[in-house]
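I opened my notebook to look around inside a protein today.

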Amino acid sequence: MFPPLVIGRFELDFPVVQAALSGYSDWAMRLVARRLGAPYTLCEVMLDRFVTEVARGRKARRYMQVSDEEHPVGAQLMGSDPLEFGPAARQLVESGFDVIDINFGCPVKKVLGRHRGGYLLSQPQTALEIVQRVRDAVGPEVPVTVKMRRGLDDTAESRDKFFEIFDGAYARGVAAITVHGRTVVQKYVGPSRWDFLREVKRHAGARVVLGSGDLFTPQACLDMLQQTGVDGVTAARGAIGNPWIFGHTRALAAGLPLPNPPSVHQQRTVIAEHYRLSEQLYGPEHCGRQMRKFGIKYAQLHPQSRAVRDAFVAVSRPGQWLEVLDRWYAEDQPGRYPAPEGSDLDDCQAEVSAA
C-alpha cells in the first residue's frame, strides 16, 4: 500500500519509524523496536556540547552505543551555538550513527530558555546556519534530517519563519524533515493538526516529509499516512512499552486484520529481553530505575494492569524485576491493547541529564 521511505541513501521497507524519545530511546529500546518491525529508529536527543566534551566517558558510551543489527540508526542533536554542531555531528558519525537529526522542536521551558530546540524556530538564520554546519561536517554520504514543530505559535510571523526554515533546510541538503503538528507554545496540549501536515506535504512536493503527533495506535499511523500524504510517520509515546505497534501497523498496511494484543507470555519474552539489554547497557545496579518507566508502560498490555504497574514501580533492587515477571507473567492469558494517551511525547520532554 505504501512505497518505501527514502532517507538519503537509505531505503526503508516501511514508512513507520520510531521517534527520538528523550529518556527512552536508548540502545535497548531501539533494538527491541527493530526486532519487532521498526525499520529505523532514532536515539534520544543529545546536547552538542555533551557529545564533544564527554564523548569518551562511560556515560557517553551509554548514549552512543550502536550495534550492527540496528543499522540504519539516527542520532538527534540539540543546542544553541552553530559552532558546536559540526564537531558533535562528526563525533556521532564516528560512533556509528548513520543519520544526524537536528532538533528544532523541543518545547520544554528549560530548553527554550537556553535558546535550544523549539526556540530556534523563531531564529531562521541561526537554524539554517546550524543545518549548513552539520551538512558540511558529516560529508555527502551521511543524511541530515530536521525535526520541527509547526511553528513557535499560530501567528502569521511564526508561520512565515517555519516555511523559511523548512525550505532553507532542503536547499542546504537535508534528506527529510519531520513535522509535529503542534506549536512550541502548545507543548503537548490539544490535538496535533494533521491538516497542517497535509498542507506542508503539498508544499514540499517530492521532498521527503514525515509526520508526528497523536500516533498511539496502528490505525492512527495509517490514517496519518493516508490523510496527509506524508512519506512517513514517527511513533513516539505510542511505542513506549508497546513495540508491537510496528508489526501490527505492517499487518494492517498489508490488508490483514489487526493482530491480537500480545499474550502475557509473549509480553514476558519481550520484557525479559528488554531488561537483559538494559542490564547490559547500564549494569545490574542501575538498570532497574531505567526500566521502571518502561514497566509502567508495558503493564498497560497486561489484563491486570494496575497490579502489575504497582509491582514494577515497587522494584528497588537488582533481580526484583525478574521476580515481577515470575509472579505476574507465569500464567499465559490474552493481552489487551493499551489505552490511547491524551497527548504525544515529542522527541524531547526534558533535557538530557548530562546538561
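Predicted model: local features only at pLDDT ≥ 70, side-chain atom pairs only at ≥ 80, totals over all residues.

**Entry 1**

How many cavities of 30 Å³ or more does the structure hold? I found three. The largest cavity has a volume of about 130 Å³. Its lining is made up of 16 residues, and Leu42, Asp101, Thr178, Leu210 and Thr234 are the closest to its centre. I then sorted the lining by type and got nine nonpolar, four polar and three charged residues. Two strands that each give at least two residues to this lining are β8 (144–149) and β9 (176–180).

The largest nonpolar core has 103 residues, and Met46, Phe104 and Phe166 touch the most other members. I checked which element gives this core its largest share, and α11 does, with seven residues. A second, separate core holds 13 residues, including Leu5, Phe10, Leu12 and Ala20.

I stayed with Phe104 for a moment. Setting aside its neighbours within four places in sequence, I listed its contacts, among them Gly117, Leu121, Ile130, Val146, Met148 and Ile165. Lys147 and Arg149 are also in contact with Phe104.

**Entry 1: helix α14**

Which residues of α14 (residues 320–328) are buried? I wrote down Gln320, Trp321, Val324, Leu325 and Trp328. Why do they sit on the same side of α14? They cover an arc of only 160 degrees around the axis, and this puts them on the same side of the helix. As for what covers the buried residues of α14, my list includes α11 (264–282), α12 (287–298) and α13 (305–313).

**Entry 2: Val73**

Last, I looked up Val73, which lies in strand β6 (residues 73–78). Is Val73 buried or exposed? I put it down as buried, because its relative accessible area is 0%, and buried means under 20%. Not counting residues up to four places away in sequence, Val73 touches Arg30, Tyr40, Thr41, Val66, Gly96, Phe97, Asp98 and Val99. I also noted Pro39: 34 residues separate Val73 and Pro39 along the chain, yet their C-alpha atoms are 9.2 Å apart.

Methods: Residues numbered from 1 in each chain as written. Heavy atoms only, no water. 1 Å grid on protein atoms, 1.4 Å probe; cavity = no way out; pocket = protein on both sides within 12 Å on 5 of 7 lines; lining within 4 Å. Points joined across faces, edges and corners; volume = space filled by probe spheres on them. Helix = DSSP H or I, 4+ residues; strand = E, 2+ residues; numbered from the N terminus. Nonpolar A, V, L, I, M, F, W, Y, C, P; charged D, E, K, R; others polar. Buried < 20%, exposed > 50% of the residue type's maximum accessible area, 1.4 Å probe, protein only. Arc of directions from axis to C-beta. Contact = heavy atoms within 4.5 Å. Core = buried A, V, L, I, M, F, W, Y, C linked by side-chain atoms within 4.5 Å.
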